[in-house]
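Please read them with the coordinates open.

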Amino acid sequence: MPDQSEHDPIDELARFGAELGRAGGDMPLSAVDARRRGDQIRRRRTTLVAGGAALAVAAVITPILALTGNGGDRDLTTKDPAAALSEHDLLTDDDTVYSDGADWFAIDPEEGTAAFRFCEPRSLSDFGAASTRRRDFELRNAEVSVEVSGDAFRESIGQFPDVASAREAYDEVVAFVQECGARVGRTFDPRPVDPGVGDSEAVVVDGHYPGVPEDLDPYGDAAYISEVGVARVGARIAVLDSVIVGQDYNYVDGTPVERMIPVAADRLQPGPDEPFDPTTVPGTRIADDFPLAAGWPETGSDSPEPLTGPLRGLDPLVMTACDRSTPDPRRSDRLSAQWVDVEDVRNRQLTTYPTEDDAAAAAAGFVQAFRACPQGLVGDDGTTQRWDVRDVDAGDEAYAVLGWQQADGGATPFGDTTLVVRVGRSVLIESRGGHAGNPQGREQEVVAAISTDATQVVDAMCAFTDGGC
């Protein structure tokens, strides 16, 4: 586990900012065009599929920064519009995303007032929040034991007296991030992000900052790369901020903070809903030894260790049709696994929900994205993406999503097949890509192979029915 005590990246920025402020200096930093330290994060095996329902997975890395807040004195088990914030309004390990080979994990929470830890001591309460909470996360490698140092992520949330004061505070927080960040290094114009809920707004502010210690940057070519997301939902504000030590970053389907803002906004919504948390919704916790990888080969033809997982905290399985991503509804628990070999990419994701109706809605929402888009636009290379959804006899209900590419009316070697199975309050999604998943001309063969391999997994999903196993 990384040791955050020696070089807390936000403390380093705070000290740098304080010194810079006293000196009255201005020290802009241009973006450094190089690569991320390769010994810190090894990319997880790429799961982008050449055609069909391509999996949306980030490539390389990204940043964030550090604001915060804490102090709510009520730990609620339900959401009440008039209640103070609770820990259920904060992101969890399962909600956070990073990039290939690494993910954010929550560390022990800290009590008391937490301040913005860069530039100058400020907190959401300084902007008028009546109550605040926070959760800190650290970055860990998913596959290798190499420790990660110098990177941090924090979510801070605040409850304001009314919507008007929250709107005013939102503008002030965004301005503070830009102005204070510019004094320390370099910030960029805010990027609007759709939070996906009513009465909401959000932006992301990127920044680059100098001052990385020599033991983290022996060559002197790295910087603190930050990404701060500020979101308002009604009378509440969330600040998602983190910082990494690196030189550049690039993502295929949005940066981590962009992808986490809709989830954070959904959690931040006040209302009568029970929090979708396996510790508060009986019968939805997935056992650590659940056989999610059962039925897959132990070795591959090219890779002696093709399996990653089963693990919590891996990125959610998101697929696209007609440039629209499949929904990722709020769930109680999620477990993921991945198997990668030559021309054979397999992903499994098991999610649980508070009720069978919630699970059924999640399964239906996933396949609906493909029912609504049987054919995509013609690409620059003349190929067209096609999708077909078929019913499958498995579990309480099941579907197969067949995805493939066509060129001038003929078949191509690119495609994938996805199986969606609901049993009680749980939903299993398995996607198989590469030549092994291409359904063209052998649809039933591929669906039968996936279904057979997943038999033990589907059988074990009886744990999430009222009758149990």
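1. Pro329 has contacts (heavy atoms within 4.5 Å) with Tyr353 and Ala362, once its neighbours within four places in sequence are left aside. Pro329 sits in the loop between β11 and β12 (333-341); helices (H or I, at least four residues) and strands (E, at least two) are DSSP runs, numbered from the N terminus. Its relative accessibility of 31% makes Pro329 partly exposed, where buried means under 20% relative accessible area, exposed over 50%, and partly exposed in between (1.4 Å probe, protein chains only). Between the C-alpha atoms of Pro329 and Asp266 the separation is 9.5 Å, with the two residues 63 apart along the chain.

2. On provenance: this is a predicted model, in which local features need pLDDT of at least 70 and side-chain atom pairs count only at pLDDT 80 or more, while totals for chains, interfaces and linings use all residues. Residues are numbered from 1 along each chain as its sequence is written, and side-chain values use heavy atoms, with hydrogens and water left out.

3. How many disulfides are there by the rule used here? Taking a disulfide as a pair of cysteine sulfur atoms within 2.5 Å, the count is two.

4. The link is right-handed, with 55 degrees about the S-S bond. It ties together distant parts of the chain, 51 residues apart: Cys322 is in the loop between β10 (320-321) and β11 (324-325), and Cys373 in the loop between α4 (356-371) and β14 (375-378). Cys322 is partly exposed at 34% relative accessible area, whereas Cys373 is buried at 4%.

5. Cys462 and Cys469 are also joined by a disulfide, with an S to S distance of 1.8 Å. This link of Cys462 and Cys469 is right-handed as well, at 110 degrees about the S-S bond. Cys469 is exposed, with 72% relative accessibility.

6. Which peptide bond is cis, with omega near 0 degrees? The bond from Gly309 to Pro310 is, and Pro310 belongs to strand β9 (residues 307-311).

7. Two backbone entries concern phi. Asp199, a residue other than glycine, has a positive phi near 45 degrees; Asp199 lies in the loop between β5 (191-192) and β6 (200-209) and is partly exposed at 38% relative accessibility. Glu343, also not a glycine, has a positive phi near 55 degrees. Glu343 is located in the loop between β12 and β13 (344-352), and its relative accessible area of 42% makes Glu343 partly exposed.
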